[in-house]
Amino acid sequence: MSEKSPKLRAALDGVPTYKPGKPATARPGGAVTYKLSSNENPYPPLPGVLEQAVRAAGSLNRYPDLACTGLVAELSTRFDVPIEHLATGTGSVGVAQQLVQATSGPGDEVIFAWRSFEAYPIMTQIAGATAVPVPLTADENHDLDAMLAAVTDKTRLIFVCNPNNPTGTVIHRAELEHFLDQVPSHILIVLDEAYREFIRDEDVPDGLELYRDRPNVCVLRTFSKAYGLAGLRIGFAVGHDRVAAALRKTAVPFGVTQVAQEAAIASLRSEDALGERVDALVVERARVYEALIAQGWTTPESHGNFVWLRLGDRTLDFAAACERGGVIVRPFPDDGVRITIGETEANDLFLKAAESFRKEL
């Protein structure tokens, strides 16, 4: 390093850069390549949303509403929570980073399952805190007993991703409630429910039910997945007064654009259309899952908008085979591959590639 270079925080040394899903690339002959690597919604914005966003774009010369007043009021009514318990941010990942900043620093520990959302260790290291990843069980579930055993007097925050990204597995009511009740009350537990809308298992609790009488529980939600607003970067948290206030303090001023706010409000008012689209994706998810099982793959039943294949050292080879077959998937080297549920045509191409790869094993 040059002596004239600026001195940066040592906590950043070794922090991996977040890797987005690889974009689709053109194939020989102009054949369509589908991107199934980022858990995006294949549908366009819900009815009326684009029009509202365009109207809001007419005021781009003005700063957005810092307090997201209209959106927060809409969320308060929609989810029956006090306005004071709500905080918004640039996607649920942005709010998650604010939670780390609000709770953890050098000498503190943040616990999460692994493999889980890949941003958890990154945002923890950026804050200078220590990441404590706890391996999933053999059947790809959170090992809640092991997570409890990992709690120390340095623990400040625990992430629980339900459904878990990238495995799609869920934690049921009794075991989750037991876990929440065992964690010391001074530790913040974050229920990351980015894929909540895709759950059809009635034994998976709504995090909002669990937070109401637990001051140390906070729930994350996003408009990026089911609502199809990934490009606008907007999410929110529901937590008790002190937690929500801390989130507002750590938020980047004016981080949520007015376009995003208005689009989110319009999306919340299109619940019927949302339900139809999510139902269609759930049907496609079941079709893909059943086809993979029929091909001989071992994969957990997913409750998100994706499926997971644990492939170990075959991960990158499988991803390359899928790309040759016309679909881009999300490899996690030496672990496995996550495949978003997309258009029917894209899912068919993926299943064809998976079947061919399976036959070559």
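Is Asn41 buried or exposed, and what is its relative accessible area? Asn41 is buried, with a relative accessible area of 13%, where buried means under 20%, exposed over 50% and partly exposed in between (1.4 Å probe, protein chains only).

## Basis of the report

This is a predicted model, in which local features need pLDDT of at least 70 and side-chain atom pairs count only at pLDDT 80 or more, while totals for chains, interfaces and linings use all residues. Residues are numbered from 1 along each chain as its sequence is written, and side-chain values use heavy atoms, with hydrogens and water left out.

Asn41 is found in the loop between strand E1 (34-35) and helix H1 (49-57). Helices (H or I, at least four residues) and strands (E, at least two) are DSSP runs, numbered from the N terminus.

A polar atom of the Asn41 side chain lies 2.9 Å from the backbone nitrogen of Tyr43. The side chain of Asn41 also reaches the backbone oxygen of Lys225, at 3.2 Å. With neighbours within four places in sequence left aside, Asn41 is in contact (heavy atoms within 4.5 Å) with Lys225, Ala226, Gly228 and Leu281.

Between them, domain 1 and domain 2 bury about 2,100 Å², 58% of it on carbon and sulfur atoms. Buried area is the accessible area (1.4 Å probe) that two parts lose on being put together, summed over both. Pro45, Leu274 and His303 lose the most area on the domain 1 side, together 28% of what that side buries. Across this interface the rule finds 4 salt bridges, each a side-chain nitrogen of Lys or Arg within 4 Å of a carboxyl oxygen of Asp or Glu.

## Nonpolar cores

A nonpolar core is a set of buried Ala, Val, Leu, Ile, Met, Phe, Trp, Tyr and Cys residues joined through side-chain atoms within 4.5 Å. The largest has 82 residues, of which Phe179, Phe223, Phe318 and Phe350 touch the most other members. Domain 1 and domain 2 both give residues to this core, so it lies between them.

Not counting residues up to four places away in sequence, Phe350 touches several residues, including Leu36, Val288, Phe318 and Ile339. A second, separate core of 23 residues includes Leu99, Val100, Phe117 and Leu188.

Notes
A polar contact is a pair of N or O atoms within 3.5 Å; within protein, one must be able to donate a hydrogen and the other to accept it, and residues adjacent in sequence count only if both atoms are side-chain atoms. Domain bounds come from an automatic or database domain assignment.
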